[in-house]
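Please walk me through this protein chain, one part at a time. I would like plain explanations of the terms along the way.

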Amino acid sequence: MKKSFFLSIIVSLILICASCAGGNSKDVLRMNVSSEPDSFFPWESAAADTAAILYNIFDGLLSFDTRGKLHPALCESYEISDDKLTYTFHLRHGVKFHDGKDFTSRDCVWTYENLAGLNGKSPKNDLMARSVESISAPDGFTFVIKTKEKLGGFIALAIAPILPEGYLNHAEQPVGTGAYKFVEYQLHQKVVLEKNENYWNQENQPSIPKIEIYVMSDENAILSALQAKQLDIGQMLSAENAKTLQNKFQLFSAPQNMVQVLGLNNSVKPLDNPLVRQAITMAINKDEIIEGAMGGFGTKLYSNFSPILGTFYNDRLSEIYKNDVVVAKAILNSVGYPNGFNLEITVPGNYRTHVDTAQIIANQLSKIGITCKIKTVEWTTWLDSVYTKFDYQATVIAFGGKLDPSEVLQRYYSTYKRNFTRYNNPVFDETFEKANLETDTAKRIKYYKYCQELLTKSAPAVFIADPNNTVLLRKDVRGYEVYPVLFYNFAKMSFE
């Protein structure tokens, strides 16, 4: 935690030195993100903050708007066959990658071969690997995907970034077709992007020449940089701190389609016992967390879905487990833990909301005899030890939103490689598979709602809230928008 604080202070000082002569420049937009980029290679990145940046560098066959509706991007149009097994994309002409290479169907074939593992290598996307039968390119500007079975939400996967054929140096120098080009990344400091002068999308041309994205998580440093005019957008702020500057800046706060959870490792004792997990769920007061860690700016949740997902959201789960310390303690007693047990909660220290949440949870669980030790780690350490190696007991984190319910719920599918709670429920797996194969929307909704109910009842995690992203923007910044997945759409932003 101390390391993150001092890094934020160092970045703030760098901002002051670099920007003292610039003031309110209209040639550069400066904003902060809370976490260090994990990888600029789209297939290797798992962090929502990183993906939000990469959407500016890369385009997919399709894009999405603020309501989650899909639109043609690198394809001009597409068709789905009557049997719902063949997807044909008609590609745009005249599109160039940032290195000057022409975009063709060969790039789509190479990208999707890797995503689905059709080239003999490990697949980069589990859903693609399970569902794609074949891919082909009848000509330079037609791309065809055939699936093994009917898949209701398959088309949403077409937002996947298209990479230039054969190019593998994206970790160092990402190359896409997006509205902004990658310039540089200074470790612990900033990411720099510049406007793509040859961007293909005439309706979404970027206007700001340069973007600087600073890695800053300490709120005092962010607020100081805003007041000193070294940041134009400060985000992931507490409502309390943001309100102190709302007369000098635009204040923006909205749900993010995120799900903050107390993740529980279902493979370690005593968390392998669903009754223990239920007791933990009942001991946690979500209203207290929303008020104490989010300043009241959050939406209480009961499963791994936010209400932003609309018709897929199950709104009948709030009564399954009510906050009741007496009953929670009785459950622990019934399964052999009358005096509770010790629990280590691993938290990425760069996210103040998660650290504050962990502290509140520790106090709440102490009332049923569970003694919590909070272990703060660097973001890269969390990704490696918790999210990749599952070496933890409990953690507080927020899952980034997705456009299709299957991409949200696959996190609890038993064989999914990122199932870091190690949840294993055959009924859930079966229902999830049925939902994926269903093309009738009403039936898909029914299956996904049942998946949510199963998660709530078996409690692989405690589903806490969709925390608002509270942002302060320079008075003349326009075009900051919220999407159903985390996306900083710089091409939409401008200075008045």
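In which loop is Pro-270 found? Pro-270 is found in the loop between strand S13 (259–264) and H7. Helices (H or I, at least four residues) and strands (E, at least two) are DSSP runs, numbered from the N terminus. The peptide bond from Lys-269 to Pro-270 is cis, and its omega is near 0°. Another backbone feature is at Met-236, which has a positive phi of about 60° although it is not a glycine. Met-236 lies in the loop between strand S11 (233–234) and helix H6 (239–243). As background, most residues other than glycine have a negative phi, and most peptide bonds are trans.

This is a predicted model, in which local features need pLDDT of at least 70 and side-chain atom pairs count only at pLDDT 80 or more, while totals for chains, interfaces and linings use all residues. Residues are numbered from 1 along each chain as its sequence is written, and side-chain values use heavy atoms, with hydrogens and water left out. The pLDDT is the predictor's confidence in each residue, from 0 to 100. The protein averages a pLDDT of 92, and 95% of the residues score at least 70. Over residues 1–13 the pLDDT is below 50, and this stretch has 22 contacts in the model beyond near neighbours in sequence; contact means heavy atoms within 4.5 Å. Residues 16–22 also have a pLDDT below 50, with three contacts beyond near neighbours in sequence.

Next come the sheets. Two strands pair if DSSP finds at least two bridges between them. Angles run from 0 to 180 degrees between N-to-C directions, and axes are lines fitted to C-alpha atoms, for helices over the stretch in contact.

Within this sheet, S6 and strand S7 (residues 142–147) pair in the antiparallel sense over five bridges. Ser-136 has Val-144 in S7 as its bridge partner.

A second open sheet has six strands in the order S14-S18-S13-S17-S15-S16, and its pairing is mixed. Its edge strands are strand S14 (298–300) and strand S16 (371–377), each of which pairs on one side only. The twist averages 30° from one strand to the next. Strand S15 (residues 342–348) and S16 run parallel and are joined by seven bridges. Here Ile-345 stands opposite Ile-374 in S16. Helix H10 (residues 352–365) packs on the sheet, where it touches S13, S15, S16, strand S17 (394–399) and strand S18 (461–467), and its direction makes about 165° with that of S15.

There is also a hairpin to look at. Strand S8 (residues 180–186) and strand S9 (residues 190–195) run antiparallel and are joined by six bridges. Phe-182 has Leu-193 in S9 as its bridge partner. Three residues lie between S8 and S9 in this hairpin, and His-188 in the turn has a positive phi of about 70°.

The last topic is how helices pack. The axes of helix H7 (residues 274–283) and helix H9 (residues 325–334) come within 8 Å and cross at roughly 160°. That makes H7 roughly antiparallel to H9, a label for angles over 145 degrees, with under 35 counted as roughly parallel, 65 to 115 as roughly perpendicular and the rest as oblique. Leu-275, Val-276, Ala-279, Met-282 and Ala-283 in H7 meet Val-325, Val-327, Ala-328, Ile-331 and Leu-332 in H9. The residues of this contact divide into ten nonpolar, no polar and no charged. Ala, Val, Leu, Ile, Met, Phe, Trp, Tyr, Cys and Pro count as nonpolar, Asp, Glu, Lys and Arg as charged, and the others, Gly among them, as polar.

Helix H13 (residues 426–437) and helix H14 (residues 441–458) pack at an angle of about 160°, with their axes 9 Å apart. That makes H13 roughly antiparallel to H14. The residues of the contact of H13 with H14 divide into ten nonpolar, two polar and two charged.
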